[in-house]
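Please look over the sequence and the structure before reading on.

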Amino acid sequence: MEHANWTAAALILVLCSAVLLCIRQARAGRPVFVRRIAGLDALDDSLGRATEMGRPILFSPGFGELNNMSTFAALAVLEYAVRRAARFGLRVLVPVPSAPVFTVVRDTVRDAFASEGRPELFASDDVLFLSGDQNAFAAAVTGMMERERVAAAFYFGSYGFESLLLAETGQRIGAIQVAATDSFFQVPFFLTACDYTIIGEELYAAGAYLSREPTLLGSLVGQDVGKAILAALLLVGVASAAYGALTGAGVDGFHPLVGLLGR
Amino acid sequence: MKRRIIVTVTFLAGLYYFLVFLLPPRIGGAPDSAGAYAATAARAGLAEPEVLYSGAREGGTPRILRLAPGRRPGAVAVGPSPWRRDDYRGAERPQWVAPDRLYYIGLGWDDRTPRVCLARWRDGAWRPEPRAVLDRGEPGTADSSGVTWVSVLAPTAGEQLWRAWCVGRQGETGRVGYATSTDGVRWERAALAADAPHGGSIESVSVWRSGGTITGVIVERAAAAGTPLAVAAVDGASGRLGPLSAVHLVAPSGDALAPLQVLDARVSEGGPAPVYATLLVTCTRPDGRREVRTATLTLGPPYVASLAPRPLREAGNRGRSTLLNDVRGRIDDLVVVVGAFAVGLGLVSLAQVHGKRVFRRRQGWAESSVFFVAAAAMATTTIYTRLRPDADDWGSRTYQMLFAGLFQPLGSSMFSLLAAYLVSAAYRAFRVRNLESTLMAASAALIMLGQVPIGNLLTQWLPPPVQIPTVMAWVLFVTNNAVVRAVNFGIFVGAMATALRVWLSLDRAALRDVT
């Protein structure tokens with residue numbers, strides 16, 4: 001494992017402090033503005049449509065493991081989606097490719113149904129551990145989508161090439177599809193095949209956006225503060241490298257200030 | 001109570017991995033705790049001679065350290081500096097050239113590319129030049145990956161020519177190159193001086209004057225077994241090393257170095273007879289750490305190098321362990337064990353789902369029964385082939401048939417669906433509906449044209465900056481990269497904030513309160 005150098009350690013501590021400080025302020029009642037994210041607004045509409053059609057919805061929490069933070073971001077949205085589905089009496093199909101994630105997902109879905117006072121809606125057959133093999137997983141999920149004629153499909157989390165297999169199947173059966181991923185190379189596939197695609201960091205904002213819970217909103221503000229810090233460092237680095245290149249003091253983008261930040 | 005246990009365990013596990021990331025494996029310790037290597041004798045500005053050698057902490061950057069009589073070893077002579085590009089990530093493998101020069105290998109800011117750097121003795125300290133004096137070669141040359149060793153001969157009286165023999169790297173392969181200079185700062189490369197005699201890689205070369213002739217000693221990391229040390233006469237005009245004579249290494253009796261491994265050697269002084277030269281040799285200890293020993297090279301053939309019984313400098317005190325890394329393997333094993341339990345739970349769930357369907361004869365029960373047959377067949381044959389990996393019987397053949405003949409082709413069939421889906425997705429994506437889709441279609445067309453010969457043919461009559469391949473490269477590697485990095489920054493911060501919430505158990509509890 002690579003260990004942090006002093007700059008990385010200091011940066012991590014500053015970013016963590018910013019997030020914790022913002023969470024504290026949000027919990028104290030400080031109002032937080034969150035801009036509109038169309039894809040997340042569409043989540044409720046999709047559930048309503050599924051209710052009208054009387055068909056189940058499918059929620060895939062991605063191909064990530066529990067050491068992948070996008071899986072946790074997906075779980076936050078899953079909990080929200082299941083709660084909403086419980087109010088409408090909808091079936092929620094949750095295929096999972098990883099056994100450790102499966103155990104967490106199963107508890108999340110069961111707890112979400114129970115907390116809405118509809119524990120009887122939880123069906124253990126609908127939360128499925130399928131396979132860690134991408135091809136096998138895609139085959140199983142697309143088959144499930146075709147058989148159940150799902151009305152809406154949500155893909156949140158990390159994905160590999162199976163993204164296109166899933167999304168194209170959803171497109172073919174006419175499901176409303178919302179995708180949110182931090183897997184950069186799968187974004188074009190989701191963009192072309194899904195109705196709404198949420199890119200990169202918005203995946204991590206989804207839980208806060210949907211729940212409006214102060215802790216998550218505070219964390220969201222903390223993320224923005226962190227990005228502002230990183231952007232400031234970037235600007236300083238770019239300006240230093242450009243200055244070095246123009247004056248001949250640096251070569252290949254190197255400048256002593258850039259070097260100092262890299263320590 | 002259950003929740004409190006979960007929160008505590010999550011916090012402790014997160015704290016452990018957080019501290020492992022933040023803290024070094026060891027605190028304190030000597031600057032050469034990972035080993036001492038590549039030494040040179042020096043006498044700049046001092047009455048007594050000293051030894052300059054390379055050393056590093058475990059996982060740290062290498063530095064050039066001092067070993068002088070009556071002084072505590074390990075003082076830094078030349079260290080990496082954030083202010084200099086060419087030895088930003090380390091300084092090592094020094095060679096002192098009388099009276100005041102120290103040539104060394106700097107590991108550059110650009111992925112540790114090794115280059116020849118120069119420091120001069122001024123005001124009682126070694127002062128490095130701001131830039132390297134010999135950069136890596138052009139792509140395709142013998143030192144295109146950098147220069148990892150240098151041996152410089154200063155001009156004699158009445159001569160103006162500085163000579164340098166360098167080990168240049170092309171990938172992993174090291175060869176000896178030759179360069180000349182009129183001032184020892186601006187160098188010009190000449191022809192290759194030597195290739196590895198046994199098809200391996202040359203690690204070091206050290207050249208010295210012996211009477212009226214120039215002699216070189218090399219260390220080779222040979223492809224085949226054999227002595228790594230060899231001696232050759234050097235042609236003074238071309239710099240080329242003549243036929244190599246093997247040097248027999250003699251380890252002192254009862255030496256702990258077994259098997260003996262020599263990594264590099266540098267001549268500290270020549271003669272007097274019958275000693276041909278005194279060498280400073282880097283050897284590896286049984287624990288893998290490196291140490292410096294002196295060796296006397298006697299005139300041959302046969303040439304014999306006798307290693308001194310005690311090391312001149314061995315790896316320093318390793319410091320105090322933080323204990324975090326010592327238990328890392330066990331903690332990781334624990335995670336694997338917990339994961340294995342989860343796999344069991346997943347399989348049980350799968351069996352329950354399909355089992356209920358089979359027993360209750362629900363729709364699809366026949367397909368569900370295939371699950372049990374397939375699982376039993378794969379489990380049986382896989383365990384059988386693991387128990388008897390070399391057997392060529394029904395078990396291994398059935399396993400091959402099931403895995404390579406059935407499972408893999410089925411997976412490939414699924415993967416091949418991507419080709420059809422890509423076309424379908426591309427058709428939708430490239431329909432021109434609004435400004436964004438027009439831009440996307442235009443970018444895609446540009447990227448595709450830029451990567452096929454016709455794109456070049458279409459615009460080769462235009463000035464190079466507006467030809468399709470140039471514009472394509474700019475779109476792909478400048479604008480696209482900028483967007484990718486921006487998105488990645490956001491992902492990094494988002495993932496970090498999520499990790500922090502999970503670690504401190506702020507996440508799930510919060511969501512449970514949603515109304």
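Predicted model: local features only at pLDDT ≥ 70, side-chain atom pairs only at ≥ 80, totals over all residues.

On the α3(A) side the contact is made by M69(A), F72(A) and A73(A), and on the α7(B) side by A495(B), T498(B), A499(B) and V502(B). Sorted by type, the residues of this contact are 6 nonpolar, 1 polar and no charged.

## The contact between chains A and B

Chain A brings 57 residues to the contact and chain B brings 53 residues. On the side of chain A that touches chain B, helix α9 (residues 214–247) of chain A gives the most, with 8 residues. That side of chain A is made up of 33 nonpolar, 14 polar and 10 charged residues.

## Nonpolar cores

The largest nonpolar core has 92 residues, of which I57(A), A81(A), V92(A), A152(A) and A206(A) touch the most other members. Helix α3 (residues 69–88) of chain A gives the most to this core, with 13 residues. Another core, of 76 residues, lies apart from it and includes V116(B), A164(B), C166(B) and Y276(B).

What does I57(A) touch, not counting residues up to four places away in sequence? Its partners are L47(A), A50(A), A85(A), L90(A), V92(A), V150(A), A151(A) and A152(A). In soluble globular proteins, nonpolar side chains tend to be buried together.

L128(A) sits in strand β3 (residues 127–129) of chain A. Is L128(A) buried or exposed? A residue counts as buried if 20 or more other C-beta atoms lie within 10 Å of its own; L128(A) has 22 within 10 Å, and is therefore buried.

Leaving aside neighbours within four places in sequence, L128(A) is in contact with P95(A) and V96(A), and also with V353(B). V238(A) is 110 residues from L128(A) in sequence, and the two are 49 Å apart in space, C-alpha to C-alpha.

## Chain A as a whole

Chain A has 10 helices and 6 strands. Taken along the principal axes, its C-alpha atoms fill a box of roughly 70 × 45 × 35 Å.

Chain A has 263 residues, and 53% of them count as buried. Of the contacts in chain A between residues at least 6 apart in sequence, 70% join residues at least 24 apart.

Methods
Residues numbered from 1 in each chain as written. Chains lettered and ligands numbered in written order. Core = buried A, V, L, I, M, F, W, Y, C linked by C-beta atoms within 7 Å. Buried ≥ 20, exposed ≤ 12 C-beta atoms within 10 Å, placed from the backbone. Helix = DSSP H or I, 4+ residues; strand = E, 2+ residues; numbered from the N terminus. Contact = placed C-beta atoms within 7 Å. Nonpolar A, V, L, I, M, F, W, Y, C, P; charged D, E, K, R; others polar.
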